[in-house]
Amino acid sequence: MAVSKLFGAKIKRREDPRLITGRATYTDDLQISGLAYAEIVRSPHAHARIKRIDVEAARRQPGVVAVFTGKDLQGVINPIPTAWLIPNADLKTPPHPALAVDTVRYVGDGVAVVVAEDRYTARDAAAQVRVDYEALPAVVDQRQAMAAGAPLLHADVPNNLAFKWALGNGEATAAAFKEAARDGVVIAQRFINQRLIPNAMETRSVVARYNSGSGDLTVWYTTQNPHIARFLMSVVTGLPEHKIRIVAPEVGGGFGSKIPFYADEAIVVFCARKTGRPVKWTEDRRENYLTTIHGRDHITDLEVAARRDGTITALRGKTWANLGAYLSTAGPGIPTILHGLMLTGCYTIPNLDYVVYGVFTNTTPVDAYRGAGRPEATYLIERIVDLVAAKLKLDPADVRRKNFIPPDKFPYTSAEGLAYDSGNYGPALDKALAAVDYRRLREEQKRGPRNGRHLGIGLSTYVEICGLGPSSVVGSTGFQGGLWESAVVRLHPTAKATVFTGTSPHGQGEETTFAQVVADELGLPIDDIEVVHGDTAAVPMGWGTYGSRTTVVGGAAIVLAARRVREKATKIAAHLLEAAEKDIVFDQGRFSVRGSPDKAKTIQEVTLQAYLAWNLPPGIEPALEASAFYDPTNFTFPFGSHVAVVEVDAETGQVALKRYVAVDDCGRVINPLIVDGQVHGGLVQGIAQALYEAAAYGPNGQLITATMADYAVPKAHMFPTFETGRTETPSPHNPLGVKGVGETGTIASTPAVVNAVVDALQSYGITHLDMPLTPERIWNAIHERREVKAR
Ligand code: MCN
């Protein structure tokens, strides 16, 4: 690999000045002449039959342009599809109409839309739409939804069971459990991965403009994947794909929640076509909580079998995954492919028997939220490893080391059948433990609580799957798309470069890191490189930003395109220097002749000549630009070790997070500053699941935590200064040697913190507590145990 100048440099994010000084344009900032505003009328019931909708009063309001109901959309807007048709799971895909016609299935389900001259009129008029509902019984818990006699959401889906997906080898696993029961340990535990609400700074927003003369549709909106959105927009609206342009202007974070194709964008497009006006719709925060996808929501019964020395021999379990009322775009793939396939984590656990039930309930649809499936899997395995250690009275670090996949076993095929690319788990754990001075902490812990505060130390040694494709593998899991990427690197006559990528960063910083990579490859100053993304009319086809794939897959396409540009420039330089191509040496933007370093041309000189085309070598076309497509040969598997140190106050149940150390390995690091930032953000989200956040529904399907005042979004003062470190194990599967890092913090941190809190409470005989670990929950647990002891 070439020695590079900017690869590895701590460059500040070039996109930040405009983002933090209010000079960026988000979808809701767009003003177009003739713009009208949409407000969607949403169901206040979790489950109800629509008997009648009366839109006349709304229609009569001054300033109202049009009002439409589900019946108007019928036959024009196709049902909203899911894109992950997992095989061998008897997946049911009941239709999801963009606006409900007969039945509403969750609070927030759309029933009508009002278009008006301004958003205030639209909202007031929406309140005038009279919907006559017949309320039906609702069900919000996935296990209750599967029980006999539960309210049925979709007539053709018995027991609300969307799918049943099984994995592993039942017989071998049963034998391993038998052996452990005889001569080892078997531990069973129920785990709940509570439902979370993604909190992007910007809520979702759509502006649609349809030109009935040309038939062109332009949609600006908050998407993480403009090309997938165009593909699905074409499927849903029936408009030809080449007449649709999707633009993601500045997108204020997504965390997975802006991957799906929502009913709302189809509704807004319908309104724009019907009214002949450009139409804008922007959800408010409450609407965002009700209708933008939620994450997690798994109930799992898990058992582990282990030998007395701590060797884990098998896992067996069942997960009930709440999918909400409809299948969201990637919904079925999250609890199966991205969760089930990572269950054995970074350990050589040979036997596995696992079933996942995907269940419809009268709740907001569930889809990818940062980590998507992997935080749930990591929570299960990292908690159960701690349970094994506690039961056998072994140090949790030792149990982990005993079961780690040894470094000489890579590429390693897991019990789930995945081929882990590269890994060396021991050094990351050593580094994290050294950073907190683990031995000293354990000694301190032995001295008992200080002023009623119990010290707890929690570990999480994780591995995760990211960098999605390869397309053929993802396709074999039922994903209805490819996951390759493409790029164009174009040098202009003045040797300024534009890099076009099909990925769509929305806060991750690739405008900086991709420019770093190209600067190195072409020897250009970074300020001469612009990275363009997020507009299907400007950039080549790509599959977007999620699954920590942008750098691994999109970055690889860019580096390949940049190298093609350099190859062509080398040919032109050789011709201009009257030397053989093989004698040209390229170093930091300068082509020189081997042995005669003064005979040289700069990349700027060569580029200009490429465009003037006065003296090109035979057979070489003018200009300097190249494209590349890249489909990875494998996923990447970043890993690391996190340690949380907490103090739990037995009198109040309060948890104080004293220290948090994250040692991550994401292969070669392009920009350590950005990687740290990604880890920090991820940690906040993961720790918040452990300690604070939970989406709560009442039994009738009302979202109780429907505002930011009720849902515990964490604040900066709740966290210590994070201590980050790294080891570096390159991925052999991409030309940059990188692994993704966008989700590692979220994936690793939840179990680290829960393990720390449970560790602090061991003297009370507490072996497990469900999240979020609120003071009330901890206080109650301590007092229940004290009362039991006192009796
Ligand atoms: N990077 C690097 N060296 C590496 C790996 C990554 O320098 N070895 C850099 C990348 O070039 C990029 C950043 O780290 O600038 C994250 O890259 P990557 O791991 O490729 O992840 P993605 O860009 O694909 O981002 C997706 C990931 C996901 S899945 C969620 S969810 C998420 C996240 O990133 N949502 C985010 N981080 C987010 N950050 C912000 N600000 N907003 C979101 O919505």
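In this predicted model, the largest cavity is lined by 23 residues, and those nearest its centre are H96, Y106, Y262, A263 and P365.

**The largest cavity**
- The volume of the largest cavity is about 200 Å³, and helix α8, which spans residues 263-275, gives the largest share of its lining with three residues.
- Sorted by class, the residues around the largest cavity are 13 nonpolar, six polar and four charged.

**The second largest cavity**
- The second largest cavity holds about 60 Å³ of space, and its lining includes R296, H298, A321, N322, L323 and E376.
- Strands β13 (295-307) and β14 (312-324) each supply at least two lining residues here, with the largest share, three residues, coming from β14.
- Five nonpolar, three polar and three charged residues make up the lining of the second largest cavity.

**The second largest pocket**
- About 640 Å³ of space lies in the second largest pocket, which has 26 lining residues, with A389, A390, L394, D759 and Q762 nearest its centre.
- Two or more lining residues come from each of β8 (184-196), α10 (374-392), α13 (438-446) and α19 (744-760), and α10 provides the largest share, six residues.
- The lining of the second largest pocket comprises ten nonpolar, six polar and ten charged residues.

Methods. Residues numbered from 1 in each chain as written. Predicted model: local features only at pLDDT ≥ 70, side-chain atom pairs only at ≥ 80, totals over all residues. Heavy atoms only, no water. 1 Å grid on protein atoms, 1.4 Å probe; cavity = no way out; pocket = protein on both sides within 12 Å on 5 of 7 lines; lining within 4 Å. Points joined across faces, edges and corners; volume = space filled by probe spheres on them. Helix = DSSP H or I, 4+ residues; strand = E, 2+ residues; numbered from the N terminus. Nonpolar A, V, L, I, M, F, W, Y, C, P; charged D, E, K, R; others polar.
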